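Dear colleague,

Please find below the structure that I am handing over to you. My findings follow after it.

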Amino acid sequence: MRHASHKPTIWSLQGNLAELRVNDLAGLLNVAQPHSGLHEMQLDGKPLSAVLLSVFRANGTDSKSWPLPLLEAYVRGNDLVATYQPTSDWPFSPQLYWQANTFESQPGVSTALSLLVSVQTHMLDTWPNIGIESRLPLGELLLVKSPDSDRPQFESLGHRQSIATSNDTCCIVSRFDGVPFSYVEMALPDDFRKVTMKYEGDGISLEWHLFADFLEKGVIRRARVHTALLRRENDLQTAAACCAAARRLQLPLTT
């Protein structure tokens with residue numbers, strides 16, 4: 001008798017704590033504190049000094065917190081989904097979707113993870129001001145220029161640099177020191193207004209600011225930041241291919 005095959009569980013959720021295990025990557029995520037990001041990470045069974053995809057209220061201060069209480073969280077397939085309740089001083093009803101294996105069919109990709117932020121409000125002309133930050137180990141930082149073209153170009157990035165949204169997908173590659181993988185983060189032009197890269201102590205910060213416009217009453221706005229771990233060989237070409245593929249990714253059914 002032939003037994004049905006089962007895909008391995010990617011997310012496991014116990015209370016508010018979710019555990020991610022996919023291919024070479026593992027980590028923990030507290031859905032009640034999304035500003036803590038994916039942490040306590042391991043890459044290929046070894047500790048990785050990184051925190052990925054922290055979500056915070058970008059209110060113009062150094063405090064990067066998430067003030068909204070968790071309403072519900074669940075796992076469906078490759079997705080971890082969390083919904084939050086609005087408060088009087090931040091009247092939004094966000095949903096966060098952490099989606100694993102978004103580029104699993106792309107050659108050269110070891111692991112991929114995307115974060116979708118979906119926001120709605122019942123008030124007129126309000127600004128969500130939501131940011132996403134990843135804190136990475138030190139290494140070379142490069143920008144893939146014109147990643148959607150047939151012949152993308154690449155340039156090194158400085159110790160502090162900001163890039164405003166343009167017509168291209170913004171695609172940033174980090175080559176971690178002493179690790180046989182490269183890492184890429186990217187966002188489509190309509191999903192962010194600015195990304196800032198900073199060397200901080202013994203690491204690098206990538207900080208995306210989403211939603212360039214105000215939010216109208218009852219309208220749902222969505223933005224995504226995509227990440228992937230790449231094999232070091234031909235990593236820049238693989239990153240450019242992922243950026244092109246990001247335009248073709250479908251939104252989750254429940255958004």
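Predicted model: local features only at pLDDT ≥ 70, side-chain atom pairs only at ≥ 80, totals over all residues.

**Findings**

Residues are numbered from 1 along each chain as its sequence is written, and side-chain values use heavy atoms, with hydrogens and water left out.

Of the 255 residues in the protein chain, 51% are buried. Here, buried means under 20% relative accessible area, exposed means over 50%, and partly exposed lies in between (1.4 Å probe, protein chains only). The protein chain exposes about 12300 Å², and 47% of this comes from carbon and sulfur atoms; such areas come from the Shrake-Rupley method with a 1.4 Å probe, and for residues only the protein chains shown count as cover.

Contacts (heavy atoms within 4.5 Å) were also examined. Among those between residues at least 6 apart in sequence, 60% join residues at least 24 apart.

N23 is not a glycine, yet has a positive phi of about 55°. N23 sits in the loop between β2 (17-22) and β3 (25-30) and is exposed, with a relative accessible area of 58%. N101, also not a glycine, has a positive phi of about 60°. N101 lies in the loop between β9 (95-100) and β10 (109-119), but is buried, with a relative accessible area of 14%.

Yours sincerely

Methods. Helix = DSSP H or I, 4+ residues; strand = E, 2+ residues; numbered from the N terminus.
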